[in-house]
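Hi,

Here is the structure I promised to pass on.

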Amino acid sequence: MYQILSIKNYEMTRDIKIRNTNSGTIEICFDDSALISSQCFDFLKAGNEYMCKIMLFGNIVSATERLQDKVVLCKVICRDVIVGRRHMVKVGVNGDEYYVNISKSNEFMGTNAFYFKYSRKDLIQVDDVVHADLL
Amino acid sequence: MANSGVKYNPDDVIAVTKMPDGKLVWLEKGNVNAGLEHILARHAEGFAAKGVNDIPSFLYDVLSTNPITIGTNEKGLFADYIFNGNKYRIAYGTNGYIVSFFPVK
């Protein structure tokens, strides 16, 4: 579960600051759901708790880049999990769970872990509401 | 733009172009919430990861192609593009002011 700490609104998108109630990890997640669909995350309220799925937006990188900023070691939890209608990979990073969007043809598919450089963390599902990009 | 009737600050305009459907859109320096300043603050990293460092020029290139999706919602208008194998989203107002531009999943 995640608790909503704060919501920073921009003109058409927003950043949601959330805290994992199990691990205490604080995330800042990008939310553009309201821009593309009325089925969006506009029901979120600061202080409340929700089931959230977070996607790491970025690319797999080689181990030689592991010391760079925002490069994390992703341990594969499930190679093929469906969120909405999108096939994704569920990974663990330092005890927290995330989702990544990787083509099945990618060379990582044979490994149990990979380094991933993310530029953004996207909110892709909150409770039963899935981001329209994944539908 | 001067003949279009839209309100804009000419000193702040970074780029102006027409979308394939003829709609005039423009990018201003903006602020932390919208425009180039917002795009740079919030999405420069995402663009850099795609090999894009000159965002206004890249925006021009993307806008010269046809969007794969155009939509409208309470928040405003958006258009999605596939460019060099990656997907990008432009968010803009009904007047054509480009609010944001970012790579998407």
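B:Lys87 comes out as partly exposed, because its relative accessible area is 22% and the cut-off for buried is under 20%. Its salt-bridge partner is B:Asp80, with the closest N and O atoms 3.9 Å apart. B:Asp80 itself is buried, at a relative accessible area of 3%. Do bear in mind that this is a predicted model.

Over all chains, the structure holds 12 salt bridges.

A:Asp122 is worth a click. Its side chain meets that of A:Arg120 in a salt bridge at 2.7 Å, N to O, and both residues are buried. A:Asp122 also forms a salt bridge with B:Lys105, where the closest N and O atoms are 3.2 Å apart. A:Asp122 lies in strand β9 of chain A and B:Lys105 in the segment after β6 of chain B, so this pair joins two chains. Here too, both A:Asp122 and B:Lys105 are buried. As for A:Arg120, it lies over the face of A:Phe57, 4.3 Å from the ring centre.

Now the aromatics. A search of the whole structure turns up 11 aromatic pairs over all chains. In one of them, the ring centres of A:Phe30 and B:Phe102 are 5.0 Å apart with the planes at 80°, so the pair is edge-to-face. This is another contact that joins two chains, since A:Phe30 lies in strand β3 of chain A and B:Phe102 in strand β6 of chain B. Both count as buried: A:Phe30 at 1% relative accessibility, B:Phe102 at 0%.

Within chain B, B:Phe58 and B:Phe83 are also edge-to-face, because their planes sit at 90°, with the ring centres 5.3 Å apart. That pair links distant parts of the chain, with B:Phe58 in helix α2 and B:Phe83 in strand β4, 25 residues apart.

Last stop, strand β2 of chain B (residues 24-28). All 5 of its 5 residues are buried, so the strand is largely enclosed by the rest of the structure. B:Leu24, B:Trp26 and B:Glu28 point one way, B:Val25 and B:Leu27 the other. β2(B) pairs with β1(B) in the antiparallel sense over 5 bridges, and B:Ala15 stands opposite B:Leu27. In the hairpin of these strands, B:Gly22 takes a positive phi near 95°.

Cheers

Key. Residues numbered from 1 in each chain as written. Chains lettered and ligands numbered in written order. Predicted model: local features only at pLDDT ≥ 70, side-chain atom pairs only at ≥ 80, totals over all residues. Heavy atoms only, no water. Salt bridge = Lys/Arg side-chain N within 4 Å of Asp/Glu carboxyl O. Buried < 20%, exposed > 50% of the residue type's maximum accessible area, 1.4 Å probe, protein only. Helix = DSSP H or I, 4+ residues; strand = E, 2+ residues; numbered from the N terminus. Pairing = 2+ DSSP bridges. Phe/Tyr/Trp six-rings, centres within 6.5 Å; stacked < 30°, edge-to-face > 60°. Lys NZ or Arg CZ within 6 Å of the ring centre and 35° of its normal.
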